[in-house]
Amino acid sequence: MLPHYRFDRAKVIVGFDADFLGTWISPVEFTKDYMKTRNLSEKPPRMSYHVQIEGRLSVTGSNADNRITATTAEFGVLLNYIAAKLEEKAGTANLPVKADLTQTRVSKQTLDKIISKLWSAKGNSLVVCGANDVRLQILVNYINHLLGSYGATIDLARPSYQKLGDENSVNELIDKMNGGEVSALFIAGVNPVYSLPNGAEFKEALQKVPFSVAFTEYSDETAEHASIVCPQSHFLESWNDSEPVEGYLSITQPLISRLGLSRTLNECLSAWTGKSATDYALLQDYWKRHVFPLQKEHADFQNLWDRALIDGYVEIKRPAKKASSFNMNAVKNLRLDSAKPSGDYELVLYQKVGILDGRHAQNPWLQELPDPITKAVWDNYVSMAPQTAKRLNLRQGDVVRVSDGNSEIELPVLPQPGQHEKVIAVALGYGRNTTKRFKDIGPDWISKRPTVKEGETVGENAYRFLKWQNGFLHFSGRVNIHPTEKTRIIAQTQTYNSITVPEKLGGERRPLIRETTLKEYSKDPASGNKYKHQILQLWTEDHVYTGHHWAMVIDLSKCTGCSACVISCQAENNVPVVGKDEVYRRRELHWIRIDRYYSGPESDVEVVHQPVMCHHCDHAPCEGVCPVLATLHSDEGINQQIYNRCVGTRYCANNCPYKVRRFNWFSYRKKDEKENLVLNPDVTVRSRGIMEKCSWCVQRIQEAKAEAKRKGVKLADGDIKLACEQSCPADAIVFGDMNDPQSRISKLIHHPRHYNMLEEMNFKPTVGYLSLVRNKE
């Protein structure tokens, strides 16, 4: 079974290439739980200690208190050493071989410190590993067993049901298809021709099956070779249920009528078995027979059903799962490979937060969502350490051929600080046939070298490098790199990595990010936030807000950089997709950007993520330069953009110190009205030549005020949830009325950690930040 990991109970966390804040198993849930153990509002302040050991720089690694670079091949040695030292503390001995630390560059002192922290938090510690290697997972389980994590930070009584796929059975299926043992095959929710390393073998075997049916929302690589394709309804058009964790049942409700002639898988199976029914009727009947008897809170089924629709879930109790005692023979018989296998470099295959395994590749919103670390869009690439790129005489955009002897792929190079010098990383999920429809927006003369051509896939398929081992697919292996003479553009939304002024200009770090350590913060909550400066006085008086005065605070200690706020803002506010070539020209239209900064040496960087949107300054420098009064202030402190006044001078963008204003160079509205159904009808669609930027979801503010007026009640703190605030799994964003002294925002503004970006310029922004606190020495 897959355990339910309880990060909300862990005081010490050690992750081995498990990107649990990014893409591993249940990142939204894990982020929410992770932040519960990093609560600075408690007295004394409480923060878990998080160590991340990995080869590439992941979202989780960028948020760790202590990040250590190591190859996957070294994990066995490191885990073996940790387990052996914990055995000594526990007074037992089961490991057959002691670790040889000469096979890794991680120091004994570093590991001993981690072991000491794990043991001191026994019963409240957690070790997780993202490698798909049974031997490594046995070691991790043994370490958690020695630490008393089972029943505490690892819940076996209520396991997770989110990753139950059996990879080995897929190979067995291929053998049966080739042997003529399969007369009919139904394929739903998977795309094996694309996502298997032996996808071509699956495709050939599929031709030998007399009858095959593919259920899919879009034509894909597998559906193209099926006998029949059944268009499947989108999940937002369907009724369904799920049980992600034992005892928690969730209901999926349709938000829109079906746009096409489609059915759900349940409806198809129902019709073909002679009992045709809608997915609503099927779901309700199942809950009446199987869910209702398992609960005692509701005496009537209709009450249970209504409650489930309102809350979105119900909790039921089945007999708790019982795990057997730990199998020590598995540990005693464990044999690990050498940490120095053949091949020049270790290839790590990973998923991006937007594209994941490729299921969302046809969605242009997610293709244009910047990767939280590299800030690249519309492509996958070969990430490598800067020192490795220098040694191979490679620069960003140089195309290299990656080969493991059986498969090869050509991709551009992207030097990535913080990456192990012997590791190269490539994202999965690209090279999908569904992306052949994309092409760069704008007339042909706008670009001498278009970066996305219609008929070509976006990126390349890296699934061919997956390796079958002991029935599991491994996401790492050894490869060689061969330079080519080709180059390819990599479009990034951020090409600067530091906020430190160059040495020749003084080498001073700009106070855009303010940070401290937990130890110093415990002594003085204002530590790290004592920036003395003169105030620029260009304004003689301040405007007095007698009603609402809206403001926002972003907690840098909570922001993980996941980019949920960026994509939710795009969906809510009809932000257009501009394409790779326009992003390369610095013309992206996202209303929110998340700046990612590095500090320290390139081989061992610390990372901070900072969301930046319009700061709605009370002394807004954009307003005074607009010749047509297209940008002005409301009586509630919102910096408004009046679209039908704007003539596109772009003076406001030139005068904005935060660089958060966006200009429409083209008209992005689709000619096909069906495609325009994705647009939010409450938000104006901007035309060519118009400046736009964050409006603080003014439509949501007005809706909440109208609802309060309809009910005859006062607008309460928390009634307004902006799109970015609502979607943040870490609760890093707080919005409210600063004129209400009891509101959360008012209290945060007066917190010792609060500061404003560029406050010395006296723009009086109403977006502020809470300084970053790290749990380190």
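1. In which hand of crossing does H3 pass H5? The crossing is left-handed. This note treats the structure as a predicted model, and the points below take up its domains, helix pairs, cavities and local backbone features.

2. Domain layout. The protein is divided into four parts: domain 1 (2–160), domain 2 (168–245 + 247–315), domain 3 (346–492) and domain 4 (503–539 + 552–774). Between the centres of domain 2 and domain 4, taken over C-alpha atoms, the separation is 40 Å.

3. Helices H3 and H5. Two packed helices are described by the angle between their axes and the distance between the axes. For helix H3 (residues 72–90) and helix H5 (residues 134–146), the angle is about 25° and the axes are 10 Å apart. Because angles under 35 degrees count as roughly parallel, H3 is described as roughly parallel to H5. As stated in the opening point, H3 passes H5 in a left-handed crossing.

4. Helices H10 and H11. A second pair is formed by helix H10 (residues 279–291) and helix H11 (residues 301–311), with axes that come within 11 Å and cross at roughly 120°. That angle makes H10 oblique to H11. The crossing of H10 and H11 is right-handed.

5. Rolling a probe the size of a water molecule over the atoms shows where empty space is left. The largest cavity holds about 160 Å³ of space. It is lined by 19 residues, and those closest to its centre are Asn 63, Leu 556, Ser 557, Leu 772 and Arg 774.

6. Lining of the largest cavity. Which domains each supply at least three residues to this lining? They are domain 1 (2–160) and domain 4 (503–539 + 552–774). In terms of secondary structure, at least two lining residues come from each of helix H1 (27–36), strand E28 (606–612) and strand E36 (772–774). By class, the lining has ten nonpolar, five polar and four charged residues.

7. A cis peptide bond. Lys 43 and Pro 44 are joined by a cis peptide bond, with omega about -5°. Where is Pro 44 found? Pro 44 lies in the loop between strand E3 (38–39) and strand E4 (46–47).

8. A positive phi. Lys 375, a residue other than glycine, has a positive phi near 65°. The place of Lys 375 is in the loop that runs between helix H13 (364–367) and strand E16 (376–377).

Conventions
Residues are numbered from 1 along each chain as its sequence is written. This is a predicted model: local features need pLDDT of at least 70, side-chain atom pairs count only at pLDDT 80 or more; totals for chains, interfaces and linings use all residues. Side-chain values use heavy atoms; hydrogens and water are left out. On a 1 Å grid over the protein atoms alone, a cavity is a set of points where a 1.4 Å probe fits but cannot get out, and a pocket is an open set with protein on both sides within 12 Å along at least five of seven lines; lining residues have an atom within 4 Å of a point. Grid points are joined across faces, edges and corners, and a volume is the space filled by probe spheres set on the points. Helices (H or I, at least four residues) and strands (E, at least two) are DSSP runs, numbered from the N terminus. Ala, Val, Leu, Ile, Met, Phe, Trp, Tyr, Cys and Pro count as nonpolar, Asp, Glu, Lys and Arg as charged, and the others, Gly among them, as polar. Domain bounds come from an automatic or database domain assignment. Axes are lines fitted to C-alpha atoms, for helices over the stretch in contact, and angles run from 0 to 180 degrees between N-to-C directions. Angles under 35 degrees count as roughly parallel, over 145 as roughly antiparallel, 65 to 115 as roughly perpendicular and the rest as oblique. A crossing is left-handed if the near helix is turned anticlockwise from the far one by less than a right angle, and right-handed if clockwise.
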